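Work through the exercises below with the sequence and the model in view. Each task is followed by its solution.

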Amino acid sequence: MVHVPIIRVADTLIATVQDELLDSDMLALQEDLAATLERSGVGGVLIDLSAAATVDSFLGRLLSDIATGARLMGANTVVVGIQPAVAISLVELGLDLKGVHTALNPERGLAWLLKMNDNRSGSNGRGQH
Amino acid sequence: MSNGTSNNGTSKMEMRVTVSGEGDIVAARQAARQMAIALGFGSVDQSRIATAVSELVRNVVRYANGGRGEVLLHELPSTPRGVGIELVVADDGPGIADLDLALHPGYTTGPGLGMGLPGTRRLMDETTIDSSHGRGTTVTIRKWHR
């Protein structure tokens, strides 16, 4: 078992997925993220795949499930750093990760989360209206 | 899990991964990537091969008798198509009752997405499935590069 650390930076939880992770490690990460979301009340989740050399249908579905679960808890999820070879393999495998927002790298992912959460606080009446 | 590698001089590369649990999904795809790199496959093909093996070995862990099986990886004799890698994923599980259905994207009898077999066929150059109800499953996949 490998425990995937979840780092909190400002309003975002960050987790890095590596190639050596077992299915059960990923399922544990899904639960950890949900529990940490509840505890911390942050508005965003960023999952970094730049160290994942292989993304198969199991991991692909789990990323969708994590994003859906986070959305149900009021948080946005962005998946960043998908390698070119992984992107091509995913398309051929038949997985398009529909419903999962993606960005090229962590910087762009964080920028998107920031924008989304600005909108969110706006609609909550905390922004400038 | 037990792994063996042999590559003495001019003989063809060969590896074996025994499958007995989910850790062997990782072991098998790492072995496949390692051999693909050694045979000169590019990064996209390495990823295709590792992804296909991941799908097939997960099927063994999920559906086969006690999740047990075996992966044989070997270099193919050079042909006009270039250098080839062949991976044979075998189990003595319940077998596939309806192959046509199993190859249909989205069809599954388990908890997965039903992408494994149809996806593997798209990722690889050749896919052969030998299975019958009650007699296990052997999936042979091949990839070539010049």
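**Exercise 1.** Is the crossing of α1(B) and α2(B) left-handed or right-handed?

Solution. The crossing of α1(B) and α2(B) is right-handed; a crossing is called left-handed if the near helix is turned anticlockwise from the far one by less than a right angle, and right-handed if clockwise. The model is a predicted one, in which local features need pLDDT of at least 70 and side-chain atom pairs count only at pLDDT 80 or more, while totals for chains, interfaces and linings use all residues. Residues are numbered from 1 along each chain as its sequence is written, chains are lettered from A in the order in which they are written, and side-chain values use heavy atoms, without hydrogens and water.

**Exercise 2.** Classify the angle between α1(B) and α2(B), then sort the residues of their contact.

Step 1. Helix α1 (residues 23-38) and helix α2 (residues 43-63) of chain B have axes that come within 8 Å and cross at roughly 150 degrees. Axes are lines fitted to C-alpha atoms, for helices over the stretch in contact, and angles run from 0 to 180 degrees between N-to-C directions. Helices (H or I, at least four residues) and strands (E, at least two) are DSSP runs, numbered from the N terminus.

Step 2. Because of this angle, α1(B) is roughly antiparallel to α2(B). The classes are roughly parallel under 35 degrees, roughly antiparallel over 145, roughly perpendicular from 65 to 115, and oblique for the rest.

Step 3. The contact (heavy atoms within 4.5 Å) includes Ala28(B) and Ala32(B) of α1(B), and Ala50(B) and Val53(B) of α2(B). Its residues divide into 10 nonpolar, three polar and four charged. Ala, Val, Leu, Ile, Met, Phe, Trp, Tyr, Cys and Pro count as nonpolar, Asp, Glu, Lys and Arg as charged, and the others, Gly among them, as polar.

**Exercise 3.** Describe how chain A meets chain B.

Step 1. The contact takes 21 residues from chain A and 25 residues from chain B.

Step 2. The two chains bury about 2000 Å² between them, 49% of it on carbon and sulfur atoms. Buried area is the accessible area (1.4 Å probe) that two parts lose on being put together, summed over both.

Step 3. Thr54(A), Glu92(A) and Leu93(A) supply 28% of the area that chain A buries against chain B.

Step 4. Helix α3 (residues 84-93) of chain A and helix α4 (residues 116-123) of chain B cross at roughly 125 degrees, and therefore α3(A) is oblique to α4(B). Glu92(A) and Leu93(A) are among the residues that make this contact.
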